[in-house]
Amino acid sequence: MNAKIITIVGGGSTYTPGVVKAILSKKDTFPVKEIRAYDIDEERQNDVAIIVNEVVKAICPECKFFTTTDPKTAFENTNFVFAQIRVGKYAMREQDEKIALKHGAVGQETCGCGGLAYGLRTIYPMVEILDMVEKYAAPNHWILNYSNPAAIVALALKKLRPNARIINICDMPVAIMNSMADILHCDPHDIKPDYFGLNHFGWFTNIWVNGESRFAELKQHAMQHGYLCDVPDEQHWEPSWVHTYGNVKPMMERFPDYLPNTYLQYYLLSQDIVDDSNPDYTRANEVMDGREKTLFDAIKRYKETGAYDDGMFVVGAHGTFIVDLAESLCRENGGRYLLIVKNEGAIADLPDDAMVEIPCYVSPRGIEKISIGHIPTFYKGMIEQQYACEKCLVEGAMENSYNKVLQAFTLNKTIKSSTQAKAILDEMIIANKAYWPELK
Ligand SMILES: NC(=O)c1ccc[n+]([C@@H]2O[C@H](COP(=O)([O-])OP(=O)(O)OC[C@H]3O[C@@H](n4cnc5c(N)ncnc54)[C@H](O)[C@@H]3O)[C@@H](O)[C@H]2O)c1
Ligand SMILES: O=P(O)(O)OC[C@H]1O[C@H](O[C@H]2[C@H](O)[C@@H](O)[C@@H](O)O[C@@H]2CO)[C@H](O)[C@@H](O)[C@@H]1O
Ligand SMILES: [Mn+2]
């Protein structure tokens, strides 16, 4: 395989050092000659690059690495774009979470009204990125997109740029499968999931380990402990993640057919989530005081002392997944991944244009979806409601329609009535003045 060029969009992301480490750790099977970081915040990106430079030096000094804010320099002849932008940064995530909570609704990064607000901020910046990539990148490039809210981003981009070479992805199912491997005492690479849904809105319908179903065992564990287990988890030890993994237990007690994605807690346990939230200190605050602070404190220390501690970021499911996927797009290795793709009949009875999260085989020929067939009424009903909500939001953004966006807020399962939806929307319009399309 020829050595590749990768451009990371959102170079200033807290995930960038981990992603670069993941890329370079696979240099024997997925050689990369150049990594470029592109961001609109030059200062933040250059700070993060201080740590990235150390990662490159330590693992693969022959790989060229540089930062840029110039699209041509970033994308010219690039083979892969790894996108991970956060439009409005953590300050706006905090607003999304706190405005919803203030009105008694779930306040979350990608779910509920917070996720819809984040969607309205992200759709058009992502369209701009797609256009720049189309203009400059290598003809057979791939954009692998993590930028959230991935469900809404995927749906909007499929409508606005249907031919873009983009694959939208999420690391949550991978992280859950890592926990499943811990629970079953097996290697995560040996796990094959059956799964359906939308992004952050899906269910595992079977788990195969080396060809044997271990689903019953896992369901029994989840019924008692959720996805928590005795093996220490380097990424999900914070109290909010422990709470999230524990919330799988009540979901399983009530709906024991399938194993839920953890994000379903926001829809199936909405009121409990609101009751358990602190409206003055949300997950955005935890991340700013945790992952972001740890990284930027380390950068500050490096500037003062020249010393750097490689243990302050983790590669985890996030870094591993995106690089594994890129490798499978270049080299036939039987890669099978959960991807967010156009339904086109894969889940029977759901609209063709829904962007669903399902298992797919990936190779240099592209993506082959695995057909799911019919799904039971309860799950179909939940998905249809969420899809309608996301579709109204995308149409609202495309048509600058207040009414459509209000419909989206009202349709969201975390919302009790159109009165609550309108109060949240009107406050979010003010908070997002600098970011949202104008709604009339
Ligand atoms: N899909 C998934 O499963 C998954 C997993 C983890 C993170 N994420 C997403 O990855 C993104 C990054 O997360 P983070 O916590 O590291 O955020 P972060 O705020 O640390 O970094 C985001 C970076 O994006 C930059 N940015 C914003 N708009 C941009 C634009 N138009 N062009 C280029 N750069 C831009 C910002 O300046 C910032 O440096 C978020 O969208 C997050 O939700 C997704
Ligand atoms: O609240 P955050 O910003 O820590 O995480 C939100 C993301 O959570 C899921 O992803 C990862 C996350 O990237 C990683 O840092 C760690 O916490 O594990 C999570 C599960 O693997 C989710 O898939 C993303 O969409 C969220 O942005
Ligand atoms: Mn995700």
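In the predicted model, helix α15 crosses helix α16 in a left-handed sense. The two helices, spanning residues 377–399 and 402–411 respectively, pack at an angle of about 160 degrees, and their axes are 7 Å apart. Because angles over 145 degrees count as roughly antiparallel, α15 and α16 are assigned a roughly antiparallel arrangement. On the α15 side, the contact comprises Gln385, Ala388, Cys389, Cys392, Leu393, Glu395, Gly396 and Glu399, while α16 contributes Lys404, Val405, Gln407, Ala408 and Leu411. By residue class, this contact consists of seven nonpolar, three polar and three charged residues.

An unreviewed UniProt entry lists Asp171 and Tyr263 under "active site". These positions are spread over 93 residues of sequence, yet they cluster in space, with a largest C-alpha distance of 12.0 Å.

Asp171 is located in the loop that connects β6 (166–168) and α7 (172–184). This residue has 20 C-beta neighbours inside 10 Å and therefore counts as buried, the threshold for that class being 20 or more. When neighbours within four places in sequence are left aside, Asp171 is in contact with Ala317, His318 and Phe321.

Tyr263 is classed as buried because 23 other C-beta atoms lie within 10 Å. Excluding residues up to four places away in sequence, Tyr263 touches Cys111, Met172, His200 and Phe201.

Key:
Residues are numbered from 1 along each chain as its sequence is written. Chains are lettered from A and ligands numbered from 1 in the order in which they are written. This is a predicted model: local features need pLDDT of at least 70, side-chain atom pairs count only at pLDDT 80 or more; totals for chains, interfaces and linings use all residues. Axes are lines fitted to C-alpha atoms, for helices over the stretch in contact, and angles run from 0 to 180 degrees between N-to-C directions. Helices (H or I, at least four residues) and strands (E, at least two) are DSSP runs, numbered from the N terminus. Angles under 35 degrees count as roughly parallel, over 145 as roughly antiparallel, 65 to 115 as roughly perpendicular and the rest as oblique. A crossing is left-handed if the near helix is turned anticlockwise from the far one by less than a right angle, and right-handed if clockwise. Two residues are in contact if their C-beta atoms, placed from the backbone, lie within 7 Å. Ala, Val, Leu, Ile, Met, Phe, Trp, Tyr, Cys and Pro count as nonpolar, Asp, Glu, Lys and Arg as charged, and the others, Gly among them, as polar. UniProt positions are given in the numbering used here, feature names are shortened, and annotations may be inferred rather than shown by experiment. A residue is buried if 20 or more other C-beta atoms lie within 10 Å of its own, exposed if 12 or fewer, and partly exposed in between; C-beta atoms are placed from the backbone.
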